[in-house]
Amino acid sequence: MQALGGIKASHLFKISVSAIGRWHRKYRQEDRYFPKRRGSSEKNINLEKLEVHVKEPQDTTLKKAAQEFGVQSATG
């Protein structure tokens, strides 16, 4: 009966039955559906510097601002 539920879910959510099977196996093995965090550690940003940066008018790109704070921008 579980397979029938997977087929109905695949049609409902427009995903493959095999994807549902993979997610279900992952849940049984790891007790969670979400991926593990990878590689990077969280960076601490100087909040006082950020506050000044936000309050003052800036004529800079996102990439340059990210470099100033020592982080990567979403655009690379």
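Visitor: What should I know before reading the values?

Guide: This is a predicted model, in which local features need pLDDT of at least 70 and side-chain atom pairs count only at pLDDT 80 or more, while totals for chains, interfaces and linings use all residues. Residues are numbered from 1 along each chain as its sequence is written, and side-chain values use heavy atoms, with hydrogens and water left out.

Visitor: What makes up the secondary structure of the protein chain?

Guide: The protein chain has four helices and zero strands, in the order α-α-α-α along the sequence. Helices (H or I, at least four residues) and strands (E, at least two) are DSSP runs, numbered from the N terminus.

Visitor: Where does S10 lie, and which residues does S10 touch?

Guide: S10 lies in helix 1, residues 2-13. Leaving out residues up to four places away in sequence, S10 touches I15, S16, V17 and I20; contact means heavy atoms within 4.5 Å. The S10 side chain also reaches the backbone oxygen of I7 at 2.7 Å.

Visitor: How do you know that helix 2 has about the expected span?

Guide: The expected span is 1.5 Å times one less than the number of residues. Helix 2 has 14 residues and reaches 20 Å from its first C-alpha to its last, close to the 20 Å expected. Just after helix 2, D31 takes a positive phi of about 60°.

Visitor: What makes E30 and K26 a salt bridge?

Guide: A salt bridge is a side-chain nitrogen of Lys or Arg within 4 Å of a carboxyl oxygen of Asp or Glu. The side chains of E30 and K26 meet at 3.0 Å, N to O, and form a salt bridge. E30 and K26 are four residues apart in helix 2, so about one helical turn separates them.

Visitor: Which residues are linked with E30 in a network of salt bridges?

Guide: K26, E30 and R32 are linked in the network. E30 forms a salt bridge with R32, with the closest N and O atoms 3.3 Å apart. E30 is partly exposed at 30% relative accessible area, K26 is partly exposed at 22%, and R32 is partly exposed at 26%.

Visitor: How many salt bridges does a search of the whole structure find?

Guide: The search finds three salt bridges. One of them joins E51 and K55, whose closest N and O atoms are 3.0 Å apart. E51 and K55 are four residues apart in helix 3 (residues 47-55), and therefore about one helical turn apart.

Visitor: What makes the nonpolar surface patch?

Guide: W23, Y27, Y33 and F34 make the patch, which covers about 490 Å². Patches are made of residues with over 30% relative accessible area and no salt bridge: like charges are joined within 9 Å, nonpolar side chains (Val, Leu, Ile, Met, Phe, Trp, Tyr) within 5 Å. W23 lies in helix 2 and is partly exposed at 45%.

Notes
Polar contact = N/O pair within 3.5 Å; in protein donor to acceptor, adjacent residues only side chain to side chain. Areas by Shrake-Rupley, 256 points an atom, 1.4 Å probe, with all protein chains shown as cover. Buried < 20%, exposed > 50% of the residue type's maximum accessible area, 1.4 Å probe, protein only.
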